[in-house]
Structure formats: structure tokens, C-alpha cells
Amino acid sequence: LSLGQIYSYLRELDKAEEYYNKYLETQARYNESEETTNFILLYLKARHIAYYGLAIIAHFKGDVATAESYYKKVLAEYGPYSDTNIRLARIYMDRADLEGTWNILDRELSHNPDSAMGHLYMAEYLVRVHNISAAEVHIRKALSNGNENREIIEKSGCFYANQGQVDAAMPIFEKLVALNPDYAHGLKLLGKAYYDVGRYNKAQDIYQKYLQIEANDSEILNDLANCYFKTHDYNKAEIYYQRALALNQNLGIIYRNLGLTKMQLGRAEEALTFLERYVEISPDDIDIEMALG
């Protein structure tokens, strides 16, 4: 069993799997009543640990069905162990098995009422069944019990943002970035929050930090250019729209934005080229038809 854990730690998963199975075979053969010497044996009754290790390996390899089977063996052998209930809940949630999700999370929170991940996943379940007010209760409990956990902070911020409560989401995203300054997705979420509340200068700063990590994200280059457009800095807006377009010529909105920017810069002939290209992609945009006229 120790070798199985060591090889798991070293990411030598085939060897880890081999030794976990050897433990299970050896433990199954062991008969305590036949022992004649006074040995102190470790892991005498630890099948659940081996099952859990095998479940993690299968999950890592993408074999979700096998992982689920081993997680269930853990629960049958030992009951709630480590984050087995949480991992099973994730499998059921991803499968859209709402009944299975509810049952396993109800068990987890009955066993461990302070389970931060249990509350987070219960909130996700409640959002899926359209019970937003109850979901928010669990989001608050998740944040209270897991306020250093990146997944909890991120998903809690996204919960409020998705409900249109950007002011509530923003301090949560601020904390996410403070704890993980180089976490690109956290910077993206925070930048969007500032943009959504109209704090374009602050959004510019956040997006610039993000682009130092992910320089070739055309959507964020477009969003950054939008910030400059909103603050009437059309020259900088043009630069970033062009950078976005160079990376992704299939992102139709950039043709629209770049055309409008060139109009603001008084370059109507250039604007026509981009706006006409845009209406080929989105022919029902009445505002752009008006701009073309």
C-alpha cells in the first residue's frame, strides 16, 4: 500500500495501480486468526485506501466508470472517506444525474456539515434545479468554510456574476487574484467584472496584466480595445482591435468594432471595408446597417 501511494505521488500510475492491487490481493489472503507471531502490522484493514487510490488513478486516466466503481467500494468498505463523496458528486453532476447528485451531497453534508466543497456543489445543484435563493445560502457557507480554496472562490464569484450581481462578485474575484496573482483566468474574470460596472480604466489595467500571461487571447484583446473605445481613446482601441484580428479572423465582432473605431477616427473608406465584412457575417445587425448608411 505504501508503494502504491509513493508511485501515485511520483505520477507513475501503472506501478501505483499494480501495487494497490497487490495490497488488495495480499490483504484478502491474510487471516488474523492464524497469526502466531506478535507482529505489529500496518494497513491491516485499509482496503478503502487502496480503492480510493485506484479510483483517483482511473479518474486521472479519464476512465470515469471505473473511478465511480472504486469510489462506491470505498463507501461500502469504510463509509465517508476523504473527499470520496465530493468526487462522486462531481461525476454525477457532469453526467447530469441530478438525483444521484442530491443523494450523495445530502449524505456528505449530513456527515460533514462544514464541508466547503459539499456546500459549493450543493449550490451548483440548486442552480441547476432553479432554486437560486437556496443556492446562495450554500455559496455563503462554502465561502465561509473554504475562503482560501481557489475553486470555491472562483465559482462563488461566478455564481454572483451569473445572477447579474457584479458588485457582489467583484470583491470575490479581487480575493481570487490577490491569492493567485498569476492566475490568468482569475484576471480575466476580474477584468470583465470591472468592465461590466463601467470601470473601464481599471478593467484596462487588469486586462494588460492578463495579456502578459496570455498574449494571444484574441477575445481579451478585443475586450481591452473595447475599454479604450469606451474611454474615447480610439487610437489605442484601433491598435488592439487590429492585434485581435491578426490572431483570429473568424471573430466577427472585431470587424464591427474596428469599423466603428475607424469611423470615430474619420477614416470612412477604411470603416466601410470592415463594416461590410461584418454584415456578411451578421446581416441582421440594424445598428451597423445604419452606420453603413
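In which hand does H6 pass H7 at their crossing? H6 passes H7 in a left-handed crossing, meaning that the near helix is turned anticlockwise from the far one by less than a right angle. The model is predicted, with local features requiring pLDDT of at least 70, side-chain atom pairs pLDDT 80 or more, and totals for chains, interfaces and linings using all residues. Residues are numbered from 1 along each chain as its sequence is written, and side-chain values use heavy atoms, leaving out hydrogens and water.

**View 1. Packing of helix H6 (residues 98-111) against helix H7 (residues 116-128).** The two axes, which are lines fitted to C-alpha atoms over the stretch in contact, lie 10 Å apart at an angle of about 150°, and H6 and H7 are therefore roughly antiparallel, a term for angles over 145 degrees on a scale from 0 to 180 between N-to-C directions. Helices are DSSP runs (H or I, at least four residues) numbered from the N terminus.

**View 2. Residues in the contact of H6 with H7.** The contact divides into 7 nonpolar, 3 polar and 3 charged residues, where Ala, Val, Leu, Ile, Met, Phe, Trp, Tyr, Cys and Pro count as nonpolar, Asp, Glu, Lys and Arg as charged, and the others, Gly among them, as polar.

**View 3. Crossing of helix H11 (residues 184-196) and helix H12 (residues 200-213).** Their axes come within 8 Å and cross at roughly 160°, which makes H11 roughly antiparallel to H12. This crossing of H11 and H12 is left-handed, and its contact residues comprise 11 nonpolar, 1 polar and 4 charged.

Key: Helix = DSSP H or I, 4+ residues; strand = E, 2+ residues; numbered from the N terminus. Parallel < 35°, antiparallel > 145°, perpendicular 65-115°, else oblique. Contact = heavy atoms within 4.5 Å.
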